[in-house]
Amino acid sequence: MAQPAIKPPQFELAPLPFAEDALAPILSAETLSLHYGKHHRKYVDTANRLLQQNPVRAASLEEVVRAASGKLFNNAAQAWNHDFYWHSLSPSGGRPSGALASQIDKDFGSYERFVDELSARAAGQFGSGWAWLVKHEGRLQVMTTPNAETPMAKGVPCLLTIDVWEHAYYIDYRNQRERYLRELIDNRLNWEFAEENWSRVK
Ligand code: FE
């Protein structure tokens, strides 16, 4: 008997959790318009097109990322990574508090040492990629991944991410990735999102 045809999953570009100008002056509306409206949208559209051509059985974008390879992996993972990145940012910024702040002190020594490690690892990621705060091997760790790769695909719980592809900062900071990182970490990280993620995996 013929297998029923697989209905390919299709994904929407989720709305930004804030207005395009809400992260200014740290990230300009022009950066957000291009980064979200062009780059992120293209990853979602391309993943949908590839899924139409070669349907896979998956109930969520996470499942597609975990099952995919090659071009589909690159586009689906970038769709997921960018959605996670927008949620990792906040117009008001701040610092970790509560249980997560205590865990950062325990695992990194202090918030300042965590920031030093995150900045250095993110700045040192050669070429395009991502820097992450994750729970791995029973503790909080900073992780970096090249290109579209994502700890989520390997089942590593993510708390926060920073996009270090040039398209994330070139309009506002030109080639100064360190300055982008410093401004973003000091002023625009969404620690409430990180705390929610932490409360699910601690
Ligand atoms: Fe990006």
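Guide: Axes here are lines fitted to C-alpha atoms, for helices over the stretch in contact, and angles run from 0 to 180 degrees between N-to-C directions. In this predicted model, α1 and α3 pack with their axes 8 Å apart, at an angle of about 140°. Angles over 145 degrees would count as roughly antiparallel, so α1 is oblique to α3. The crossing of α1 and α3 is left-handed.

Both helices return in the second largest pocket, where α1 (29-53), α2 and α3 each supply at least two residues of the lining. The volume of the second largest pocket is about 180 Å³. Its lining has 13 residues, and those closest to the centre are A14, L61, A79, W80 and D83. The largest share of this lining comes from α3, with five residues. By class, the lining of the second largest pocket has eight nonpolar, two polar and three charged residues.

Two or more residues of the lining come from each of α2 (61-67), α3 (70-88), β3 (158-163) and α8 (191-201). Here the largest share belongs to α8, which gives four residues. The lining of the largest pocket also draws on two domains, with at least three residues from each of domain 1 (29-87) and domain 2 (98-201). Its residues divide into nine nonpolar, two polar and three charged.

Counting cavities of 30 Å³ or more gives one. The largest cavity has a volume of about 40 Å³, and its lining consists of F114, L118, A131, W132, L133, L160, T161, I162 and L189. Two or more of these residues come from each of α5 (111-124), β1 (129-136) and β3. By class, the lining of the largest cavity has eight nonpolar residues and one polar residue, with no charged residues. In the largest pocket, by contrast, three of the lining residues are charged, and the second largest pocket likewise has three charged residues in its lining.

Terms used:
Residues numbered from 1 in each chain as written. Predicted model: local features only at pLDDT ≥ 70, side-chain atom pairs only at ≥ 80, totals over all residues. Heavy atoms only, no water. Nonpolar A, V, L, I, M, F, W, Y, C, P; charged D, E, K, R; others polar. Domains from an automatic or database assignment. 1 Å grid on protein atoms, 1.4 Å probe; cavity = no way out; pocket = protein on both sides within 12 Å on 5 of 7 lines; lining within 4 Å. Points joined across faces, edges and corners; volume = space filled by probe spheres on them. Parallel < 35°, antiparallel > 145°, perpendicular 65-115°, else oblique. Left-handed = near helix turned anticlockwise from the far one by under 90°.
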